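Dear colleague,

I am handing over the structure that we talked about, and I have written down below what was found in it. Please keep it open beside this message while you read.

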Amino acid sequence: MRRFPFLVIALVTTLSFILSCSKGGPVNNTPVCDNVTNKNFTADVNPIIQTFCNKAGCHNPGSVNGPGSLINYTEVFNARSAIRPAIVSGLMPQDATLTTAQRNTIICWIDSGAPNN
């Protein structure tokens, strides 16, 4: 019985540490894509990718970070299975935070088949 308070304190401390190390608070992981109208790669998705993924050189040509280079439609399309969970979890982009609208634009574009439009 003496170990019970120790275990509770250890558990609370561990959870506090884990939560304090996360990039942000909880992320709503389920956008309603029927309500997202900006799912156009050229006009909506690519500007976000170029601004947030390439500005610091993270996914420029020759990059070996994550899915590699994200310069054009083919590279982004081929990396969509890595991009989606990174965006949903809030882990990417590392040096910035996307707005809910930006996040939903990328996720819903991928969920709609990632068309080249």
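This is a predicted model: local features need pLDDT of at least 70, side-chain atom pairs count only at pLDDT 80 or more; totals for chains, interfaces and linings use all residues.

Residues are numbered from 1 along each chain as its sequence is written, and side-chain values use heavy atoms, with hydrogens and water left out.

The helices named here are DSSP runs of H or I with at least four residues, numbered from the N terminus. Within H4, the residues Ile83, Ala86, Ile87 and Val88 are buried, where buried means under 20% relative accessible area, exposed means over 50%, and partly exposed lies in between, for a 1.4 Å probe and protein chains only. The buried residues of H4 pack against helix H3 (73-78) and H5, and contact here means heavy atoms within 4.5 Å.

Two places in the backbone deserve a careful look. Most residues other than glycine have a negative phi, and most peptide bonds are trans. The peptide bond from methionine 92 to proline 93, however, is cis, with omega near -5°, and proline 93 is found in the loop between helix H4 (80-89) and helix H5 (100-111). Alanine 114, in the segment after H5, has a positive phi of about 50° although it is not a glycine, and this alanine 114 counts as buried, at 0% relative accessibility.

Turning to the cysteines, the structure holds one disulfide, a term that stands for a pair of cysteine sulfur atoms within 2.5 Å. It is formed by cysteine 33 and cysteine 108, whose sulfur atoms are 2.1 Å apart. Cysteine 33 lies in the loop between helix H1 (3-21) and helix H2 (41-53), whereas cysteine 108 lies in helix H5, so the pair ties together parts that are 75 residues apart in sequence. The torsion about their S-S bond is about -85°, so the disulfide is left-handed. Cysteine 33 is buried, with a relative accessible area of 16%, and cysteine 108 is buried too, with 1%.

Cysteine 53, by contrast, is in no disulfide, and the nearest cysteine sulfur, that of cysteine 58, is 8.0 Å away. Cysteine 53 is buried at 15% relative accessible area, whereas cysteine 58 counts as partly exposed at 27% relative accessibility.

Terms used. Helices (H or I, at least four residues) and strands (E, at least two) are DSSP runs, numbered from the N terminus.
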